[in-house]
Amino acid sequence: MKSIRILDSTLRDGMHAVSHQLTPAQMAIVAAKLDEAGVDSIEVGHGDGLGGSSCQYGFSRAPEAEYYQAVAQVLTKTRLAVLLIPGIGTVEDLEMAMAHGVKTVRVATHVTEADTGEQHIKFAKAHGLEAIGFLMMSHKAPPAKVLEQAKLFASYGADIVYVTDSAGAMLPADVAARISLVAGALSIPVGFHAHNNLGLAVGNTLAAIAAGATIVDASVCGLGAGAGNTQLEVLTAVLDKAGYHTGVDLYKVMDLAKDVVEKLMHRPQTVNTDALAIGYAGAYGSFLLHSRRAAERFGVDSRDILLELGRRQTVGGQEDLIIDVAIELAKQRNSSL
Ligand SMILES: C[C@H](O)CC(=O)C(=O)O
Ligand SMILES: [Mn+2]
């Protein structure tokens with residue numbers, strides 16, 4: 001039976017879905033149950049990772065260290081992980097997290113910018129951490145580019161490299177093309193992180209595993225940004241039926257979903273219009289609000305703005321283009337009237 005390692009992101013990506021407002025005590029309850037259910041690793045903290053609690057990204061309910069402390073105390077077998085986006089989080093933040101029991105760091109960069117994570121991967125390895133390179137918005141780059149960037153992470157000493165479908169924009173064939181190329185060329189394990197914006201998170205995760213991924217992300221109730229991540233309970237059942245070993249107890253994660261996480265959620269985790277628009281457009285998640293405002297101001301459809309932003313291969317940080325696109329769309333509409 002082939003083993004698949006599960007990394008649960010309920011307490012990190014899931015923080016986006018609750019405006020980063022879980023308390024350390026709530027996290028400790030969820031973490032203890034994930035540990036008891038046999039989940040291999042869990043990622044904890046602000047939705048944008050270390051240093052994310054800020055005016056720009058929204059403040060967490062509690063100081064970051066309190067989350068790691070609370071969760072580390074209840075874990076017996078499960079590994080504690082954090083996400084670090086270079087520029088948002090720093091090596092000092094990582095030192096703080098290490099002091100509170102963090103054993104794995106995922107260094108997250110845009111899919112074409114793995115080089116910005118070099119010092120963080122090297123620092124993590126020099127300090128005995130497991131280091132994972134996490135290539136966000138992987139749908140934006142063709143498979144050969146993803147492989148080039150994955151090789152960079154491997155050359156810095158990463159133990160694992162992830163293909164990350166941040167916008168939930170990939171189809172199973174897109175996932176398979178990227179994962180099979182990377183897994184075939186690298187000797188380190190390859191992981192996959194899905195979002196459900198096109199309703200494909202479980203299917204894409206299966207496609208990733210079939211293509212060679214051996215570590216995959218999931219979250220309880222699917223809690224995560226946009227339409228959420230791959231739902232842990234569903235994935236556990238599906239992988240069991242498909243003959244994979246995850247070490248996760250299905251009834252325990254089902255009970256955790258029903259008895260605990262559902263009660264912490266601010267709203268049901270569905271593929272709503274916003275999430276679908278992001279997945280369909282393949283645009284950066286945080287463009288949504290800006291696009292809606294620009295759409296209102298210039299009398300155009302926010303979905304058309306997002307689609308154009310997707311076509312132009314825009315990346316996070318190019319929010320200023322949203323107004324330009326809205327103005328152009330308004331001009332086109334006026335000239336066709
Ligand atoms: C900061 C993002 O939430 C990281 C992530 O989970 C993704 O890109 O997807
Ligand atoms: Mn994510």
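Me: What should be known about the numbering and the model before reading?

Reply: Residues are numbered from 1 along each chain as its sequence is written, while chains are lettered from A and ligands numbered from 1 in the order in which they are written. The model is predicted, so local features need pLDDT of at least 70, side-chain atom pairs count only at pLDDT 80 or more, and totals for chains, interfaces and linings use all residues.

Me: What does the protein average in pLDDT?

Reply: The term pLDDT denotes the predictor's confidence in each residue, from 0 to 100. Where it is low, the predicted coordinates should not be read in detail. Here the protein averages a pLDDT of 97, and 100% of the residues score at least 70. The model scores are ipTM 0.99 and pTM 0.96.

Me: Which residues does the UniProt domain annotation cover?

Reply: UniProt positions are given in the numbering used here, feature names are shortened, and annotations may be inferred rather than shown by experiment. An unreviewed UniProt entry carries the annotation "domain: Pyruvate carboxyltransferase" over residues 4-254. Helices (H or I, at least four residues) and strands (E, at least two) are DSSP runs, numbered from the N terminus. Over residues 4-254 the chain is 40% helix and 17% strand, with the end C-alpha atoms 19 Å apart.

Me: Which residues are around ligand 1?

Reply: A residue counts as near a molecule or strand if its C-beta atom, placed from the backbone, lies within 6 Å of it. Around ligand 1 are Asp13, Gly47, Asp48, Ala108, Met136, Thr164, Ser166, His193 and Ala225.

Me: Which residues does UniProt list for "binding site"?

Reply: The unreviewed UniProt entry lists Asp13, His193 and His195 under "binding site". They are spread over 183 residues of sequence, yet they cluster in space, the largest C-alpha distance being 10.5 Å.

Me: Is aspartate 13 buried or exposed?

Reply: A residue is buried if 20 or more other C-beta atoms lie within 10 Å of its own, exposed if 12 or fewer, and partly exposed in between, with C-beta atoms placed from the backbone. Aspartate 13 counts as buried because it has 26 C-beta neighbours inside 10 Å. Aspartate 13 lies in helix 1 (residues 13-17). Two residues are in contact if their C-beta atoms, placed from the backbone, lie within 7 Å. Not counting residues up to four places away in sequence, aspartate 13 touches Gly47, Ser219, Gly224, Ala225 and Asn229.

Me: Where is histidine 193 found?

Reply: Histidine 193 is found in strand 8, and it counts as buried because it has 31 C-beta neighbours inside 10 Å. Leaving aside neighbours within four places in sequence, histidine 193 is in contact with Tyr162, Thr164, Asp165 and Asp217.

Me: Which residue does the "active site" annotation cover?

Reply: The "active site" annotation of the unreviewed UniProt entry covers His16. Histidine 16 is found in helix 1 and is buried, with 22 other C-beta atoms within 10 Å. Not counting residues up to four places away in sequence, histidine 16 touches Gly47, Gly224 and Ala225.
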